[in-house]
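Please open the structure in your viewer and keep the selection panel at hand.

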Amino acid sequence: MKQELPRILIVDDEPDMCWVLENILRLTGYAVTTTTTGAEALELLAGEPYTAAFVDVKLAGLDGLELAALIRQQSPHTVLVLISGYFYQEDKIINEGLKKELFIGFISKPFNLEEVRLMARQAVERAREENHAKDSNSGGG
Amino acid sequence: MRPKSNHRGEVRKMKDQGKTKEQLLDELVKLRHRIAELEAADTAQAQVEETLRESERRYRLFAENASDVIWTMDIDLRFTYVSPSVTDMLGYSVEEVMAQTLEDLLTPASLEVARDALAEALAVVKARDLFELELNRKDGSTVWTEVKMTLLRAPDGQPVRILGVARDVTERREAEQALHRAYGELETRVQERTAELAKVNEALRAEIAERERAEEALQESKRQLESRERFITNILGSIPTSLVVIDRALRIVSVNRNFLEKTRREEQATLSRKVEEVFPQVLLKYTRLDEKVQEIFRTGKPVEGGKFAYRAPSLPTRTYYYRLIPLSLSPRPGEVEGGVENVMLLMDDITEREQLGEEVRRAERHLASVVDSAYDLVVSMDSEGRILTWNRAAERTSGFRPEVVKGQYLPGLCVEEDQQKMKSWLTQLTRGQFAKKSIEINLRTKGGEEVPISWVGSRMLNDDRRTVGLVAVGRDLTERKRLEAQLIQSAKLTSLGVMAGGIAHEIRNPLAISSAAAQLLLESPEDEELREGAVKRIHSGIQRASYIIENLLKFARPPEERMVSMDIDEALEETLSLLANQLKVQQVELRKYLAPDLLPVVGNKSLLEQVFSNMILNACNAMPEGGTLTVATLATKAGVEIRFADTGVGVPPEHLVAIFDPFFTTMPVGKGTGLGLSISYSIIQQHQGTIEVESQEGQGSTFIVRLPVTPGSK
């Protein structure tokens, strides 16, 4: 049976940004869904499980960091990656988020395609690790 | 007619003189009474008659020798006896008298008296005893007699006889009359004399009065003369001028008190001394006083001298102004004018005046130097607007020297387009009408440059409150304008700093899109669909980035000097596009209500965009938790109204008054300069617009900018 492609959700208020990210990840081998609003993102997450979500930090209507926290709360199995043109890797708020494992990585705009692909791989890996740990825990129990 | 009393008095007097006769008569009367008594005692009439006759005989002898006329009459008034003395009295013989009646004998007036007396005597017991009667004499003349009359009665009381004694009183009466006449005359004389005396007296009194008056007048004129003399002496003594009278021999004839005080000289050490003994040699040499005095004696013309300094012993030097005046003699007969008798030297102490003048000059110099050292242009004009003074700052700014502009009109020195404005402002100022407190009018310098000047004016009034001049004080705004521009620029850079974050994000987004799309294109050049999408996005991303950068550059560029006709909505859109991302970052929802077809505004676009960005950034700062910003434009009667309404924290009422003040800020140090609103305010003012704020604490604020549109422009 053909293995199901990992599902990735892209949240960015710019459709062009969504288009670029979608094409990068689709061509790499992921099932990609895009949305331009935080509200729709939460809706989609509630409907289907996603391995990872790429979230733009600044969104109209809902702050990216707030959205990240909500996603963590609502679907703890979805691994998050932050993208922003506003913040930098060194910014305190990004560091703290990483430390708290709110998100596993941060991509600052503009970026190389490889950065996105690496993040996607790491996210899928992390999700698999988490699933494996869960499985072994349940098998052992 | 003489009064009776007088007459009677005289009679009594006369009676006293003839006292013996009186006594005889009294005896006679007493005898008669005795007879009457006897007759009463005897009842026989005959006896009575006999007794009577006997008695008559007894006394006839006496009667015959008496000088008075003694007579008897029966009751029918017929004489029964008349003594012979009657002939002496009347000229008639006794017989002739006996034949006469009373009517014959008496004058009509006396007859009347006699009848009355007899009637009286017959009616009453007591009769009058004395009265005067006038009798007719034989020669036709009359004689006044005093008559004493007694009624003889029978024992039964019937009157039977009348006994009378008549005495000639003509002499007495004459004497009396003479006396009376004399009295009368005397009285007349006295009256005449009195009248004369009164007249003389009157004349005398008049003369005395006249003399008194003359004396009084003399005294008065003497007093006047004295008082005038005193007056003149006092004046000469008290006037603050020194007087010295000099004679032909150059000797001092007279000096006044002031001279003695000023020169500290004694009178006796001065009078009769030569001029050179009294005045210092140096002074005489300097003034040539003696020569001038001699000249006046020759010419008779006064000399206006001049100033000299004189120092009296132990007194500070004082300055005098002196004059020499000829004192002429009264002209002698035949001369037109008298010769010069003396020359008077007048010395006025002008030390204080000189000092005062010096002080005034000093004050003037001081004022002039104050005005000259003022940084501002100070221009004074007469009421017609002609320039009188032009201070150094005015000279420095304009390049024109004061002597060049003196007499010119100020509007002529302004730039052409402002000349009318200056003219009407000065006119308003002259009339004291409400004039703008300050007015900005550019001067045209000698070099042809324009200098912005802010003028304030005031008018000078005389005591009648009429305008006698104008003063305009101008401040060169060049430096201020430069500083203002710098300030505006620095505030803009501050705004740019605030915007930078948003703008970076704004640019990084299209950059990221373009970059990613380019990489995709590089990786998969064969994928037609991908290629097309990527190229399109590369292009649009680059376009977006360059648009942002262009706006940013436009915003950062120093403002153009000139005002141009511009579209407010367009300027607002450009500003909002720069700030769109900032709004997004701050969770601010933007609502735009821009009125189409707004009339163009003449303005400086980059400055107005700065104002709009200030308004928008202020609104964002007022909404730290996000909110709604409503930007609306609206065509009004006067122009364009632009509203920026936020739903932020609002401005507390106590801050509302200070909100447009420079450096007023509620932001933490380093976060805001506090210049944004004050710069916006000054920019809008430059555009003849207004800016105001309405705010409710906790509800939000609305900033309203109003700009005028050019009339008739479209």
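Begin by selecting chain B together with chain A, between which the count is four salt bridges, a salt bridge being a side-chain nitrogen of Lys or Arg within 4 Å of a carboxyl oxygen of Asp or Glu. This is a predicted model, in which local features need pLDDT of at least 70 and side-chain atom pairs count only at pLDDT 80 or more, while totals for chains, interfaces and linings use all residues. Residues are numbered from 1 along each chain as its sequence is written, chains are lettered from A and ligands numbered from 1 in the order in which they are written, and side-chain values use heavy atoms, with hydrogens and water left out.

Next, select Glu523(B) and Arg117(A), whose side chains meet in a salt bridge at 2.4 Å, N to O. On the side of chain B that touches chain A, α17 (478-523), α18 (528-556) and α19 (568-585) each supply at least two residues, and α17(B) gives the most, with 15 residues; helices (H or I, at least four residues) and strands (E, at least two) are DSSP runs, numbered from the N terminus.

Now show the whole interface, where the contact (heavy atoms within 4.5 Å) takes 25 residues from chain B and 27 residues from chain A. The two chains bury about 2200 Å² between them, 56% of it on carbon and sulfur atoms, where buried area is the accessible area (1.4 Å probe) that two parts lose on being put together, summed over both. Within chain B, select His505(B), Arg508(B) and Arg537(B), which lose the most area to chain A, together 27% of what that side buries.

Moving to chain A, select helix α3 (residues 64-74), whose buried residues are Gly64(A), Leu65(A), Leu67(A), Ala68(A) and Ile71(A); buried means under 20% relative accessible area, exposed over 50%, and partly exposed in between (1.4 Å probe, protein chains only). These residues cover an arc of only 155 degrees around the axis, which puts them on the same side of α3(A), the arc being that of the directions from the helix axis to the C-beta atoms.
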